[in-house]
Amino acid sequence: MATIWIDGVSYEADPSRNLLAVILELGFDLPYFCWHPALGSIGACRQCAITQFRGEDDHQGQVVMACMTPAAEGARVSIDHASAATLRKSVIEWLMVSHPHDCPVCDEGGECHLQDMTVMAGHTYRRSRLPKRTYISQDLGPLIGHEMNRCIQCYRCVRFYREYAGGHDLQAMGTRDRIYFGRYQDGPLESEFAGNLVEICPTGVFTDKTQARHYTRKWDLQTAPSICTHCGVGCNINPGERYGALRRVRARYHGAVNGYFLCDRGRYGYEFESSDRRIRVPLAPRGEQNQAEELSVQAAVTRVAKILTSSRRVIGVGSPRATIESNYALQRLVGADGFFHAACAEEHRSSLAALDALREGPSRSPALREIERCDAVVVLGEDLTQSAPMMALAIRQAALAIPRSVAERQGIPPWHDAAIRESVQSARGPVFLLSPAPTKLDDLATRVYRKTPRAIAAAGQAIARALDPQVPALAGDEMDRAGIEEIARALTVAERPLVVAGSGTASEAVINAAANLAWATSAAREDDRAAELAYALPWANSAGLSLLGGAPLDEALAAAERGEVDAAIILESDLDRIAGPGPAERFLGQVRHAVVLDHIAHPTAARADVVLPAATFAEGHGHLVNSEGRAQRQMAVFSPDEPIRESWRWLREAMMLAGYDEADSWTGAEAIAEAAARDHPALARLPDAQLSADFRLGGAKVARAPHRYSGRAAAKLHLNVLEPTPPRDNDSPLEFSMEGSPVLPPGKIETTFWAPGWSSPQALTRFQEEIDGPLRGGDPGVRLIEPAGEPFAYRDVALSAPSPELAPTPVVAAFGSEELSALAPGIAALAPRAFLELNPRDAASLGLADDDVVSVRARGASARLSVRLEPGRAQGTAGIPLGLEDIPVALSFAGELITGS
Amino acid sequence: MAALSSAERAEIDAEIAILPDARSASIEALKTVQRHRRWIDDDALGAVAEYLDLSKHELEAIASFYNLLFRKPVGRHVVLVCDSVSCWILGNEAVKQALEDSLGAAFGEVTRDDRFTALPMQCLGACDRGPALMIDEDLHGPVQPADVSELLRRYP
Amino acid sequence: MPADVDTKIITRQFGNEEAKNIEVYESLGGYRQLRRALGMKPEDIKAEVKASNLRGRGGAGFPTGVKWGFVPADAEDVYLVCNADESEPGTCKDRELMYWDPHQLLEGMIISAYALGARNNYIYIRGEMMRETPVLEKAIADAYERRYLGEDVLGSGFACHITVHRGAGAYICGEETALLESLEGKRGWPRLKPPFPAVVGVFGKPTVVNNVETLCNIPYIVEHGSQWFADLGVGRSGGTRIVCMSGHLERPGVYELPMTLTMRQLIDDVCGGIWKGREVKCVIPGGSSMPPMSADELDVPCEFDALMTDERIKPVEVAPGVPFDMGGGKELRTMAGSGGIMVMDDHTDIPAVCARVVEFYHHESCGQCTPCREGTGWLAKISHRVAKGEGRPGDVDLMASIADGIAGNTICALGEAAAWPVLGFLTKFRAEFEAKIKAPKEGAAA
């Protein structure tokens, strides 16, 4: 630690940091624009001026930029010194020369960093009376609004978009005071991370277009810590609600998981919650004369209880997008033998294999921000940008680990973003990508290999064998010796090597080969450490569901086929989407009774006896386990209108009525979580993921709404002149109102991230233990899975027999492949149309051309897809989009092309 | 004429050959296209971007930074008039006026016969010969207003 | 021995159309110093250059030998870049050096590259220099043919390549780090220093950027030794100096001169005095970015240190009686800059000149940092309205205040380049500005 002086007072500071970070960390106010903790310093805005002195006797000093000045031993600086304060005021004045006075109609108003900084720097009077410069803004697509007139040219947008997230279509154009930040021409921003511009921009240039449709100021939003429900990464989110509907989702900082950012699926998927397909009341879809009939809670629960008591064998279909609690309740209801997963066999096997690999071997699953620090990466099969976008973003940072260390040896401090970029130039990696088709990470790869999933598994195994001869040899499509050795060497010499795979190739062999590869590194390395091993699983709770155990959907269908099922309880899933309309209809015909619990109506629900309206992630409490094996708690953001409630509460009520006494003890979210933790040793630490409901600060709970929340008394005036009592929350330490402890709560249950003088997302520095570190008091969540260590047995990589048929390979789409987010209008607008992607040579040998329509069939499901040629796709594979409307998931995993006659 | 001609490709390749990577040749590539086509239209920009494996957005960011990369049509001959203080004190305003009068077109416009476009340049670096102007590759100075129409006549 | 008015070293071939021919250059003794240098140790050449007091001729006057010394000793790939992006208004010397005597530059560059161990080298030339570029390219081709360039220079084993890279019209690319960005095919944005180009330069490698005139001097230092070169100059400035005399002069032009001459001698003795028999009113001594001198300040030698420190030059003020602070309480007089001397007669409209100068820097601001991007735009608008007689009360103070805010607070020197002349004009010709500001109309906003 170094000793530095700020305005005459000495402090301890980390000399590897810059003074801006240190000053903010110490709690001082110092305005800035171009700096961002994730982006580093470029010294361009000149806003964070301080005065630096040469010694104790120097009173004149020199103005320096805090963000560009290391916290070196003995540094003496002043924030208050007139020369620096004057410059800070000037800089704001310059920025405001052309900034419009449109705060009242600007979506950023009230959480605008520029507003905060203007006040902080003391600019109160505009000397310029000149006309302001104006620009023509662009249409950047359905998710992001653009208002260039507000721009203060801090360059954070392009630095995030281009340098951090690897996008190409947002640029700084022009020169002098006519710089324009935008695209070459109007059009949707292409990056899956574009939505972060909304939070990166210090003012209202980039705004949330979805929020604009149902706009609410920050101070009128009710929020709670939550977890994104749209993929397996488990990013932390702050959803905001008003008048019973979600208004927006913002990234919620997590020091180990997603840091400051979110992908656009996660940010904009929330609008499914107000989709017109929402189920808001219990229904009997096949009521009198097959007309849908609304049911009372009482009637609905009674009907379900009757089904339970009258059926001989009841099975449950659990859901990888439902919470641990809801799946656990269902599993208890139907018993372990009767519990199936709403996932087809390939996905089910992949998830299970991944979980086993993480538990049985020596490799640790890194958190996202640990991935960022890995310095050699091998990705087997997965198109991460599409299936787990934030993991791809983390790998983009990992690709800079080695080049950055070179810069560091040139004497460049780690925060000096501008100099690092000059030093790094285009150097990246080592990152090796083995995939069936081009991915958006290809641009940073040291080498890219296009292979069939089968060949990818074989290659992974071959590299593993090069590291450790104990790894069993496989006959298969291996890669060239030099390639194998290059990757093996990279994994051996790296500080922190990483192997990544996922269920996106539908290949258990790939999952197992990735494990073997990660494990085998321990044999070759001097430190005997195995590489880290990260899996991208498709759903928010794929890992949690796999920890509970259960069989794939295909087996449930088979059991029904054998006439062994009398009733099925289907939790938060659409079987038509997975198995296809034919098999799903057949299944529901074979079981006498079906109950569906879900948020959204779908064909499967339409065929059920009873449909129960399940709370969404924003309306209920529960836990999810992400791909890393980290259990995280979703807290209800708002209390939904009756009778919507969490699936497990519906199940509990029916079970109690049907005489399942056990359900009695599930008196609240915590009680059922504790029950699950008791029953499943793997979940033992589940209750540690968040503070418990009895947590109090000075005797009070923590408010979900900020103290400036307005209009509560009038919100429901049209229903009743008496203001209703806010709903109670017995399940968490949060209150559904703005009443709460005035004491600052621990970061993990902080709801508003709002500090005096800091209303924008930049207030975050006030809530971190150190800049970029964990939230004050620790980040939420708890890791459930740690590696077993040595000894271990290599996993069996079973390759399918070589076949002349094209291997069906899912094509995952960040926008479209995930069921819920695909219902959000903004996401839907960006989702691809159905297609069948082929290598032109394969297409030629099948006599197919662009736009030809081909039938694809699997397990009783089928679809007609039009051909799209992709020269980059590996020969021998047929890319079939995953999860798009009219393409059952089974087809993407197992589809067979019907060609010729 | 969106695609790059073989001559254009050859010239761009020669630039790429002496640089560590293709993207470093971006400015030269744009100038090459401009030499062949007078100015860089959207199609040309797209073609260069594709050739250098850059996005159009990235290339436009570069193109829009430099005064001598023309993204709007120009005439067959481009007249660059020095607009710096050293020429200004020697009376370049009158030269500029004479030029506009002779051309019958304002700065930035293409004359009706497609022959000329006059552009003010911040400084031509011919301060000892001010007021200076360039027509195509030829530097002229000192230029008096009366000389302008005769000068232009030399560029049919 | 100090140089006198007749000492011509690097301009001796000016006017000789034959000298750009490699045979002629050789017959005049050309490339002999390269042969000699190749027999020397690189360290010895570096030491000579350092001892010669050669200072950068691009504008900043930084000692060349010291700059070379910043390259890390263990550097592998070093680049030498010749800054031929001469674009400071008032400056037109490098253009002439390259046109008349291109091999002199190449010889200086190859010797320097040898001293620095630089294999790949660039000449970044202004896009507007369309006459000079083919001359240089021809000279390079000839030099390759005669093995002054190539994989094995004159059989020494030293590999040296020079490539001409043409700019595309951006003043800022004359700033050495912006030049490097542009060389990399990017927008010409100046970089923050440190790291200096000698550590992280072009393509991430250590790079030395030297001006054309600077490099042209190198062969003569090798030939005659550092002492001879140092003696030509005065104080800590070795050699002669090329000045570009422009403006209201009888004989404007590019002259190589001893640094001991005063501004008045330059005007009267070298350039034949002010045109039309008029009197001098104002002189900008080093390119338009330098604070101007008034008629009573012209007896100061036109040399780096004298222009900065001679008390006969009134320090620049931010308000009457309040000196401008360059940092640490240091006063600003003016500087020799790039050698572009602009002379204005007593008919000159100073506020209009000021507006023209500011407009240039505003137009050429790269837009990266706030003070320059926003400040120069604001300053230009106010300067223009004052010049047009549409100024408002307080505009003179506003101009000074904006300029004072910009100066010293930007990433590169373009901020100063815009601010210093404004403050200088206001210091020395304040009355002219005030006279132009009309009384506001009744009820008009300030």
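The model is predicted, and local features in it need a pLDDT of at least 70, side-chain atom pairs count only at pLDDT 80 or more, and totals for chains, interfaces and linings use all residues. Residues are numbered from 1 along each chain as its sequence is written, while chains are lettered from A and ligands numbered from 1 in the order in which they are written.

**Confidence**

The predictor gives the complex an ipTM of 0.96 and a pTM of 0.96. Within chain C, helix α6 (residues 102-116) has the highest confidence, at 98, and helix α13 (residues 304-309) the lowest, at a mean of 90; helices here are DSSP runs of H or I with at least four residues, strands are runs of E with at least two, and both are numbered from the N terminus. Over residues 439-446 of chain C, pLDDT stays under 50, and the model has six contacts beyond four places in sequence for this stretch.

**Domains**

The domain bounds come from an automatic or database domain assignment.

| Chain | Domain 1 | Domain 2 | Distance between C-alpha centres |
|---|---|---|---|
| Chain B | 6-63 | 77-153 | 28 Å |
| Chain C | 22-232 | 241-436 | 29 Å |

In chain C, the contact between the two domains takes 22 residues from domain 1 and 25 residues from domain 2, where two residues are in contact if their C-beta atoms, placed from the backbone, lie within 7 Å. The side of domain 1 of chain C that touches domain 2 of chain C has nine nonpolar, six polar and seven charged residues; Ala, Val, Leu, Ile, Met, Phe, Trp, Tyr, Cys and Pro count as nonpolar, Asp, Glu, Lys and Arg as charged, and the others, Gly among them, as polar.

**Chains B and C**

Between chains, 32 residues of chain B are in contact with 44 residues of chain C. On the side of chain B that touches chain C, α2 (26-37), α4 (56-63) and α5 (85-88) of chain B are the elements that give two or more residues, and that side has 20 nonpolar, eight polar and four charged residues.

**A helix pair in chain A**

The axes of helix α9 (residues 324-334) and helix α24 (residues 647-657) of chain A, which are lines fitted to C-alpha atoms over the stretch in contact, with angles running from 0 to 180 degrees between N-to-C directions, come within 8 Å and cross at roughly 25°. α9(A) is therefore roughly parallel to α24(A), a term for angles under 35 degrees, whereas those over 145 count as roughly antiparallel, 65 to 115 as roughly perpendicular and the rest as oblique. Residues of α9(A), including A:Leu330 and A:Leu333, meet residues of α24(A), among them A:Trp648 and A:Met655, and the residues of this contact of α9(A) with α24(A) comprise six nonpolar, two polar and two charged.

Definitions and conventions
pLDDT is the predictor's confidence in each residue, from 0 to 100.
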